[in-house]
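Subject: A structure for you to look at

Hello,

Here is the structure I said I would pass on. Please open it next to this email, and I will walk you through what I found.

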Amino acid sequence: MRLRSAAQWLLVLPARSSGLADKNSHQPLEKRTLATSEPFYPSPWMNPDADGWTEAYARAKEFVSRMTLLEKVNLTTGVGWEAEQCVGQVGAIPRLGLRSLCMQDSPLGVRGTDFNSGFPSGQTAAATFDRGLIYRRGYAMGQEARGKGVNVLLGPVAGPLGRAPTGGRNWEGFSPDPVLTGVGMAESIKGIQDAGTIACAKHFIGNEQEHFRQVGEAQGYGFNISEALSSNIDDKTLHELYLWPFADAVRAGVGSVMCSYQQLNNSYSCQNSKLLNGLLKGELGFQGFVMSDWQAQHTGAASAVAGLDMTMPGDTEFNTGRSYWGANLTLAVLNGTVPAYRIDDMAMRIMAAFFKVNKDIKLDPINFSFWTLDTYGPIHWAAQTGYQQINYHVDVRADHGSLIREIGAKGTVLLKNTGSLPLKKPKFLAVIGEDAGPNTSGPNSCSDRGCDNGTLAMGWGSGTANFPYVVTPDAALQAQALQDGSRYESILSNYATSQIKALVSQANVTAIVFVNADSGEGYINVDGNMGDRKNLTLWKDGDALVKNVASWCSNTIVVIHSPGPVLLTEWYNSPNVTAILWAGLPGQESGNSIADVLYGRVNPAARSPFTWGPTRESYGTDVLYTPNNGNGAPQDDFTEGVFIDYRYFDKTNSSVIYEFGHGLSYTTFEYSNIRVQKSNAGKYEPTTGKTSPAPTFGNFSTNLKDYVFPSHEFPYVYEYIYPYLNTTDPKAASGDANYGQTADKFLPPHATDSSAQPLLRSSGKNSPGGNRQLYDVMYTITADIKNTGSIVGEEVPQLYVALGGPDDPKVQLRDFDRIRIDPGKTAQFRGTLTRRDLSNWDTTLQDWVISKYKKTAYVGRSSRKLDLSIELP
Ligand code: NOJ
């Protein structure tokens with residue numbers, strides 16, 4: 001067995017400290033002090049009385065009390081990159097009947113397997129503005145994960161939120177609006193966990209771009225940096241924008257949270273005590289476990305006391321065979337550096353999340369290997385040992401194809417329609433563009449979808465799944481055309497200009513042009529886009545294609561597949577462009593979904609979950625593409641505060657192409673009769689009192705003999721991470737020449753304190769998500785919506801609020817619904833405003849406060865079409 005150096009955790013400094021994001025960001029970097037993150041210790045331990053967790057806590061307590069120290073460490077430490085079948089696994093507890101837990105991507109299905117579904121992206125699901133559909137998507141993904149033997153599905157995503165429209169992974173999440181994302185998070189989590197799989201809310205927090213998220217990755221692209229990016233976010237912005245959807249996730253009972261790669265105010269997220277201890281566990285009362293993103297852990301003891309509960313994939317970096325935890329954590333607990341209550345709390349949190357979704361300790365086996373689709377192979381992939389059957393090719397898709405088709409259609413936004421849609425047996429349909437056709441090398445030919453060939457139905461990176469098939473727009477539209485007796489021709493290239501001209505210039509043609517833009521995760525570079533998009537234009541000369549077709553054909557319909565906004569400025573207003581649809585990233589049923597909308601089988605009602613600005617600059621925010629701090633951590637100052645997306649366009653009074661919340665229907669609606677009803681919510685009572693002192697569960701031997709690798713029991717697997725020491729001499733086991741000299745001095749004050757701790761005033765005593773009263777309904781707003789057209793349709797009334805203060809956005813989304821209304825009929829929309837909805841974060845008080853300013857509620861069909869308004873009494 002190899003030596004694992006304890007120096008890694010003894011010499012690395014704990015999380016740097018304090019304060020809010022830098023206020024002097026206009027100064028050159030060398031002249032100003034960098035943003036810092038204040039310390040928060042000790043790490044909050046679980047609350048046995050937390051709502052929704054009491055039974056899980058009791059069962060976890062019973063289980064953890066029987067565990068040895070080695071078993072606890074085994075549960076918290078990944079076994080290493082490629083050491084077992086899943087993208088991440090922790091050690092098993094065979095003595096107590098628990099097999100190794102399997103963590104597996106992604107937020108849109110099970111990644112890297114076969115006979116699974118490829119769901120629409122989170123962003124496309126958000127565009128449905130349909131809570132029920134988002135829940136059903138989560139439930140179906142949870143079922144598929146469970147069917148494969150996955151225990152933690154690594155999604156949903158609220159970070160990135162979508163600060164910059166060019167951000168590479170925005171599509172994995174939902175929307176730059178925190179309320180819409182919060183709903184997306186909560187419904188997805190409930191769905192995934194109701195199906196028996198633990199969900200993982202990620203990436204906590206400030207993971208708004210791919211550039212510089214990891215040092216090694218950035219260096220690989222030729223950037224000379226020695227520390228990862230720091231997202232510098234002030235306290236108010238953090239609360240009112242980026243933390244908001246995570247609060248909803250915690251409130252929905254999420255079992256795990258993944259801390260992110262980059263730093264937050266110059267302290268790495270996975271060892272940032274303010275974030276993990278203070279905000280997540282203290283303020284939000286999160287009861288589940290925090291796992292690191294893959295290689296996002298940079299310290300041992302420091303990250304343990306800062307609130308990290310599980311390290312993924314377990315090794316310091318991929319395939320080093322060494323870990324910050326594993327043996328080092330065993331030793332750190334034995335020598336008292338990490339208090340016993342902390343390792344107990346880690347184990348409690350993991351097992352409580354486990355029992356929250358699992359009835360039985362005995363789990364079905366993991367029936368796939370992420371590393372290969374071969375039926376037989378090495379179970380320990382890195383070591384290439386343990387040759388056996390590793391893929392059972394279990395078909396977990398059930399009838400999810402029809403749900404995927406429905407979400408794809410109901411998530412397609414009709415941005416423009418001058419009357420060409422819906423199609424009714426068109427005489428001659430010409431479908432143009434590579435994006436309508438297949439990837440000619442096969443839908444899964446690019447690893448993790450790292451290319452843009454053929455129709456785009458997913459972005460790239462770890463947030464993907466293999467497709468079981470892709471229904472292309474060309475295939476679905478041709479099938480429909482044949483049924484209708486239409487003439488049908490398609491040209492699945494963006495560059496066959498003369499052929500395209502010859503085709504679409506003919507008489508009676510309805511031309512549908514498919515165009516796209518793509519983005520993904522930073523480890524894959526597609527055409528110079530290192531995850532983040534390098535611009536907002538269409539790929540493969542899409543603008544030229546649209547402009548050309550529109551110049552030759554007076555009935556040109558444009559369909560866009562993209563991971564966020566693209567620039568439409570040059571052609572959207574052309575009278576020959578008769579309709580524009582944004583179909584997002586619709587997943588495997590792409591063609592069927594778009595055909596359903598184009599032919600009116602689904603009357604569109606989706607809404608754009610972001611703003612379509614006229615230029616890239618018009619957003620006011622962008623990715624930081626060039627290091628700006630020498631070879632130190634690039635500094636990304638979120639100086640715009642809460643003003644991203646529509647809040648920024650509204651603040652600057654700028655015009656947009658299509659606003660947040662915009663989307664058309666084939667029928668029409670009329671809004672009237674807004675009313676407000678005040679509820680008796682009572683006065684806000686800040687939380688007071690203290691926790692109980694930190695509990696410990698079970699004893700452990702202090703005889704180092706009990707911790708040595710039991711080579712007589714099983715063989716050492718190459719590069720595998722174990723909890724065992726290699727010798728009974730602690731100094732030798734640590735591999736640290738200064739062992740014992742620094743351990744007691746280097747952790748921050750209170751890091752090991754086990755005494756009862758004061759509760760934060762904004763936290764809930766027993767209510768995950770924060771002070772229970774923040775969620776009290778203060779007002780109910782109703783309005784009448786009439787379908788004034790001649791066909792049945794669905795409408796998405798949106799409730800916005802103006803908080804009235806000089807620093808507040810003009811309006812902010814607070815609630816919405818998607819209502820089916822028959823022609824000529826009127827339905828009532830009902831939306832609520834909670835205390836949190838009406839509050840601002842007070843940085844001095846450290847609590848939510850309702851300001852003295854006059855507040856107005858609006859009900860309308862988009863963020864800029866606010867038909868009705870009423871002042872709140
Ligand atoms: C890194 C990604 O950031 C994260 O989202 C993913 O879950 C892990 N890799 C595991 O693949």
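Which residues does Arg607 touch, not counting residues up to four places away in sequence? Before the reply, please keep in mind that this is a predicted model. The partners of Arg607 are Ala127, Phe129, Val413, Gly661, His662, Gly663, Glu795, Val796, Gln798 and Arg861. Arg607 itself sits in the loop that runs between helix 18 (590-598) and strand 18 (635-637). Is Arg607 buried or exposed? Its relative accessibility is 1%, so Arg607 counts as buried. Two backbone oxygens lie by its side chain: that of Ala605 is 2.9 Å from a polar atom of the Arg607 side chain, and that of Gly661 is 3.2 Å from a polar atom of the Arg607 side chain.

An unreviewed UniProt entry lists residues 795-863 as "domain: Fibronectin type III-like". In the model, this stretch is 0% helix and 49% strand, and its end C-alpha atoms lie 14 Å apart.

You will find Leu799 in strand 22 (residues 798-802), and with 0% relative accessibility Leu799 counts as buried. Leaving out residues up to four places away in sequence, Leu799 touches Ile781, Gln812, Leu813, Arg814, Asp815, Phe829, Gly831, Thr832, Leu833, Ala857, Tyr858 and Val859. Take Gln812 from that list: Gln812 is 13 residues from Leu799 in sequence, and their C-alpha atoms are 8.4 Å apart.

Pockets and cavities

The largest pocket has a volume of about 810 Å³. Its lining has 37 residues, and those closest to the centre are Asn74, Ala92, Ile93, Pro94 and Phe714. Helix 3 (69-76), strand 10 (376-380) and strand 11 (385-389) each give two or more residues to this lining. Which element gives the most to the lining? That is helix 3, with three residues. By class, the pocket lining has 21 nonpolar, nine polar and seven charged residues.

How many cavities of 30 Å³ or more does a search of the whole structure find? The search finds eight. The largest cavity holds about 120 Å³ of space. Of the 17 residues that line the largest cavity, Gly162, Pro165, Asn170, Pro176 and Phe610 are the closest to its centre. Its lining has nine nonpolar, six polar and two charged residues.

Another covered helix

Helix 8 (residues 235-242) is mostly covered, with seven of its eight residues buried. The buried ones are Asp235, Thr237, Leu238, His239, Glu240, Leu241 and Tyr242. At the start of helix 8, a side-chain oxygen of Asp234 comes to within 3.1 Å of the backbone nitrogen of Lys236.

Some loops to visit

The loop between helix 11 (301-305) and helix 12 holds Thr316. Thr316 has 8% relative accessibility and therefore counts as buried. The side chain of Thr316 makes a polar contact with the side chain of Thr320 at 2.8 Å. Pro313 also lies in the loop between helix 11 and helix 12, and a cis peptide bond joins Met312 to Pro313, with omega about -5°. A cis peptide bond also joins Gly155 and Pro156, with omega about 10°; Pro156 is in the loop between strand 3 (152-153) and helix 6 (178-194).

Finally, here are two residues other than glycine with a positive phi. Asn265 has phi near 50° and lies in the loop between strand 7 (263-264) and strand 8 (267-268). Lys540 has phi near 55° and lies in the loop between strand 15 (509-516) and helix 17 (542-552). Asn265 is buried, with a relative accessible area of 4%, whereas Lys540 is partly exposed at 26%.

Enjoy exploring, and do write back with any questions.

Best wishes

Conventions
Residues numbered from 1 in each chain as written. Predicted model: local features only at pLDDT ≥ 70, side-chain atom pairs only at ≥ 80, totals over all residues. Heavy atoms only, no water. UniProt positions renumbered as here; feature names shortened; annotations may be inferred. Helix = DSSP H or I, 4+ residues; strand = E, 2+ residues; numbered from the N terminus. Buried < 20%, exposed > 50% of the residue type's maximum accessible area, 1.4 Å probe, protein only. Polar contact = N/O pair within 3.5 Å; in protein donor to acceptor, adjacent residues only side chain to side chain. Contact = heavy atoms within 4.5 Å. 1 Å grid on protein atoms, 1.4 Å probe; cavity = no way out; pocket = protein on both sides within 12 Å on 5 of 7 lines; lining within 4 Å. Points joined across faces, edges and corners; volume = space filled by probe spheres on them. Nonpolar A, V, L, I, M, F, W, Y, C, P; charged D, E, K, R; others polar.
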